[in-house]
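Let me put the sequence and the structure up, and then we can walk through them together.

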2 protein chains.
Amino acid sequence: MKKIINEPDVFVDEIIEGLLAAHPAWIKSATADKRALVRKDAPKEGRVGIVTGGGSGHLPGFLGYVGEGLCSGVAVGNVFSSPSAEQILEATKAVNGGAGVLYVYGNYGGDVLNFDLAADLAEPEGIEIQTVVLTDDVASAPKERAADRRGVAGMLFAFKCAGAAAERGDSLDDVARICGKANASCRTMGVGLSPTILPAAGKPTFTLPEGEMEIGIGIHGEPGTHRGKLESADAIAERITREILDDLDAEKGSRVALLVNGLGATPLEELYLLYRRSARLIADRGLKVARSYVGEYVTSLEMAGASITVMLLDDELQALLEAPANSPFFRDGTAS
Amino acid sequence: MKKIINEPDVFVDEIIEGLLAAHPAWIKSATADKRALVRKDAPKEGRVGIVTGGGSGHLPGFLGYVGEGLCSGVAVGNVFSSPSAEQILEATKAVNGGAGVLYVYGNYGGDVLNFDLAADLAEPEGIEIQTVVLTDDVASAPKERAADRRGVAGMLFAFKCAGAAAERGDSLDDVARICGKANASCRTMGVGLSPTILPAAGKPTFTLPEGEMEIGIGIHGEPGTHRGKLESADAIAERITREILDDLDAEKGSRVALLVNGLGATPLEELYLLYRRSARLIADRGLKVARSYVGEYVTSLEMAGASITVMLLDDELQALLEAPANSPFFRDGTAS
């Protein structure tokens, strides 16, 4: 186990300290324990607040998407563990500008439980809450049970579209509708090559023999749909992109956004190899890639591997993707 | 060896194909072999062109810093190998807007040879060339031989300052002066935890026993200054930051930019732990961190490890760092 860390039990707290020290112009803590972070300018009067959250270990996942045109606040759990309802409530109160608050997070048991509990606690405070649970991982459940799927890298698109809608002053109903539509338009599938070692446990999240890969793996090492010999970049991109496109079932001529996401230890060079083949296959299916994203967007500490996300676009979603966004981790508002 | 690649001998060409496919609004190829890439709007009449280049495997290093307010073009070598003089010349001609071209690249033998040769070839074409060789790695030579040092992550700051100067219309003399000043104001030192495996050779760039680290390692696995037991994030940050600050010898009250750079496989979480301790030590020395950068800026494929760069700022350099920049890999022009 080679990690650049201090004591495992303060791992998350020290990361947050580093983050707050590095980006004082962008984010601030809403609580003494620093587990509820919000935009520096929160609350924005008359604007819908957006609160996300989840376990740590996915940077820039969650924490990194608090900013202008993105989420307004985040509740930060321990590594791969849900934040508490109280932490979510504190983030909620700190971003409440009187227009309601949207909860947006990945479909994991602990997160669902605690966000629902926080919503119950926010109601007596007079804060209207709506919730969109993200479910873009096609490998995690069959299409007929799409609501049971886990949320993975597609969260970038959900945050981006909902955040742009909130920023321009849309109502809570509209921000929630757009966020739900963004989620429903996304399909993701991953491939894992090597596991993450949890700092506190000192153990890998899964084991995978030398020379093997696991297709469909989750961002906490949840089992995938196929384990076998490591294939070429082209073969992996084809496998994943085909499964995604079959599930998405987009009409010929449709526009899509294509995101190739690194899970932590996979170099950007390899992500571009996946992008290259995936984009060609998408074009071969008669679809047009209108926006491209290649990099680390939702990770799993030092897991080697990648995921591919395809989002079906219409004029509304594309305009929201193209709107300005500013956080220390994600800036946009320009050409693809 | 677990890599998501196709045939090793087309590794770089396929990465470039992916890159051009993903970012058609930003970059274009100046040659049929696609080894000379330039800004989409190149050449910009009356503006100084900036050409960089080097071996592949350092993304976003080199390739990723072609854009608005950054470099104008790049010559792309094979993995860890210099581009040819002809490729550099092609990039030079493609960015030449009549105001001269600045060459900016890291101090490596092959690069120096080929950029110098390209400058000789550009002269008869009527293109005035000036050169700044980057030398920010304090571990690679002692202070009295600072000109022999290698160029590493500090290149971000050199590209950013020179690019902003060129964008606003500075003369070649001024862009070269600013770039040289940015380089002279930067100090970097790295730590390696695990090697890169070269795709073609299939061999690691160095070996390091389990539980050990190497301080001062180069971005191609060049030997460092200290090899020993892996230490805590705080201890590593202290070691490196002290060496940098001793070498930089900044007056109390000075402003600096602080960059914590991941070498490829080290998660963002660990980089924030290094940032946290490094920033505190800098404050303890009576310096003020005015700009912060945490992420992967110059990598070494899948090497685990990190580097810390401190750049001494004055009003001129800080304004240039804060100026707008836009590339698919780096956007700036906002708060720290």
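Let's start with a question: which residue forms a salt bridge with Lys44(A)? The partner is Glu167(A), and the closest N and O atoms of the pair are 3.1 Å apart. By salt bridge I mean a side-chain nitrogen of Lys or Arg within 4 Å of a carboxyl oxygen of Asp or Glu. Side chains of opposite charge can pair when their charged atoms come close. This pair links distant parts of the chain, 123 residues apart. Lys44(A) sits in the loop between β2 (36-39) and β3 (49-56) of chain A, while Glu167(A) belongs to helix α4 (residues 155-167) of chain A. Over all chains, the structure holds 56 salt bridges.

Some housekeeping. This is a predicted model, where local features need pLDDT of at least 70 and side-chain atom pairs count only at pLDDT 80 or more, while totals for chains, interfaces and linings use all residues. Residues are numbered from 1 along each chain as its sequence is written, chains are lettered from A and ligands numbered from 1 in the order in which they are written, and side-chain values use heavy atoms, leaving out hydrogens and water. Helices (H or I, at least four residues) and strands (E, at least two) are DSSP runs, numbered from the N terminus.

Now to where the two chains meet. Here 59 residues of chain A are in contact with 58 residues of chain B, contact meaning heavy atoms within 4.5 Å. Together the chains bury about 5,000 Å², 58% of it on carbon and sulfur atoms; buried area is the accessible area (1.4 Å probe) that two parts lose on being put together, summed over both. Lys2(A), Ile4(A) and Glu269(A) supply 18% of the area that chain A buries against chain B, more than any other three residues.

How many salt bridges cross the interface of chain A and chain B? The rule finds eight. In the salt bridge between Glu17(B) and Arg276(A), the N to O distance is 2.7 Å. On the chain A side, the largest share of the residues touching chain B comes from α7(A), with nine. That side divides into 30 nonpolar, 14 polar and 15 charged residues. For these classes, Ala, Val, Leu, Ile, Met, Phe, Trp, Tyr, Cys and Pro count as nonpolar, Asp, Glu, Lys and Arg as charged, and the others, Gly among them, as polar.

Next, a few backbone details. Most residues other than glycine have a negative phi, and most peptide bonds are trans. In chain B, a cis peptide bond joins Ala42(B) and Pro43(B), with omega about -5 degrees. Pro43(B) is in the loop between β2 (36-39) and β3 (49-56) of chain B. Another cis peptide bond joins Leu59(B) and Pro60(B), with omega about 0 degrees, and Pro60(B) lies in the loop between β3 and β4 (73-79) of chain B. Over in chain A, Phe62(A) is not a glycine, yet its phi is positive, about 65 degrees. You can find Phe62(A) in the loop between β3 and β4 (73-79) of chain A.
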